[in-house]
Amino acid sequence: MKFEVVDVSGWPAVGQESGGAEPKDWLVRPDDVRRVGRGHWWLYKEVKRGPTSNYRRHDDVAERLASALARIIQLPAADVELARRGDGEGIISRNVAPDDWEMHSGDTVLSVRPGYVSCFGEGGRRNRVGHNLTNIAAVLHGSMPLS
């Protein structure tokens, strides 16, 4: 399977994403700058590299493949495209949140589950205590208070 790489170098940034350790920008196609709402926004994420080496982790390719496979099996998922911005490589992911909603990281939502240990600020911690299918299912099915 071969994927097109979208050149977003000329797309204006309309905001920065505060979540996560790496900087990310919300971009829009030049023709969409004046459109109201965020449904046409795309999140640009640069490729990730290993913390002590320059190893390219290929998270971008994994996200693009997951998006393509989701479309094939008709599973709801964000549209993801490989992208280039200037000299950088990465992906763009279409905003999936309705205009009146806020997105929160899984770490934020899972942090209220019994036994969960946050990985925020840990720099890629491998033993993510409490980050398991039981807790994720509980959050998704609303069997716990979120406030």
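The model is predicted, so local features need pLDDT of at least 70 and side-chain atom pairs count only at pLDDT 80 or more, while totals for chains, interfaces and linings use all residues. Residues are numbered from 1 along each chain as its sequence is written, and side-chain values use heavy atoms, with hydrogens and water left out.

Start with the fold. The protein chain has three helices and six strands. Both are DSSP runs, numbered from the N terminus: helices are H or I with at least four residues, strands are E with at least two. Along the sequence, the pattern reads β-β-β-β-α-β-β-α-α.

The accessible surface of the protein chain is about 10,300 Å². Carbon and sulfur atoms hold 53% of it. Such areas come from the Shrake-Rupley method with a 1.4 Å probe; for residues, only the protein chains shown count as cover. Of the 147 residues, 30% are buried. Buried means under 20% relative accessible area, exposed means over 50%, and partly exposed lies in between (1.4 Å probe, protein chains only).

Contacts come next. A contact means heavy atoms within 4.5 Å. Take the contacts between residues at least 6 apart in sequence: 45% of them join residues at least 24 apart.

Now go inside. A nonpolar core is a set of buried Ala, Val, Leu, Ile, Met, Phe, Trp, Tyr and Cys residues joined through side-chain atoms within 4.5 Å. The largest one has eight residues: V6, V8, W11, L27, W42, Y44, A83 and I92. Another core, of five residues, lies apart from it; F3, A68, V80 and L82 are among its members. Back in the largest core, follow I92. Leaving out residues up to four places away in sequence, I92 touches V6, V8, W11, W42, L43, Y44, D79, V80, E81 and A83.

E81 sits in strand β5 (residues 80–85). Its relative accessibility is 18%, so E81 counts as buried. Beyond its neighbours within four places in sequence, E81 contacts V6, W42, R64, R71, G90, I91 and I92.

One of those contacts leads to the charged groups. A salt bridge is a side-chain nitrogen of Lys or Arg within 4 Å of a carboxyl oxygen of Asp or Glu. The structure holds 12 salt bridges. R64 and E81 form one of them, at 3.5 Å from N to O. R64 lies in helix α1 (residues 59–72) and E81 in strand β5, so this pair ties together parts that are 17 residues apart in sequence. Both R64 and E81 are buried.

Compare R71 and D79. Their closest N and O atoms are 3.3 Å apart, in another salt bridge. R71 is partly exposed, with a relative accessible area of 40%. D79 is partly exposed too, at 26%. Salt bridges that share partners join R64, R71, D79, E81 and R94 into one network.

Last, the aromatic rings. Rings of Phe, Tyr and Trp (its six-membered ring) pair if their centres lie within 6.5 Å; planes under 30 degrees apart count as stacked, over 60 as edge-to-face and the rest as tilted. The count comes to one aromatic pair. The ring centres of W26 and W41 are 6.0 Å apart and their planes are at 50 degrees, so the pair is tilted. W26 is in strand β3 (residues 24–27), and W41 is in the loop between β3 and β4 (42–46), 15 residues apart. Both W26 and W41 are buried.
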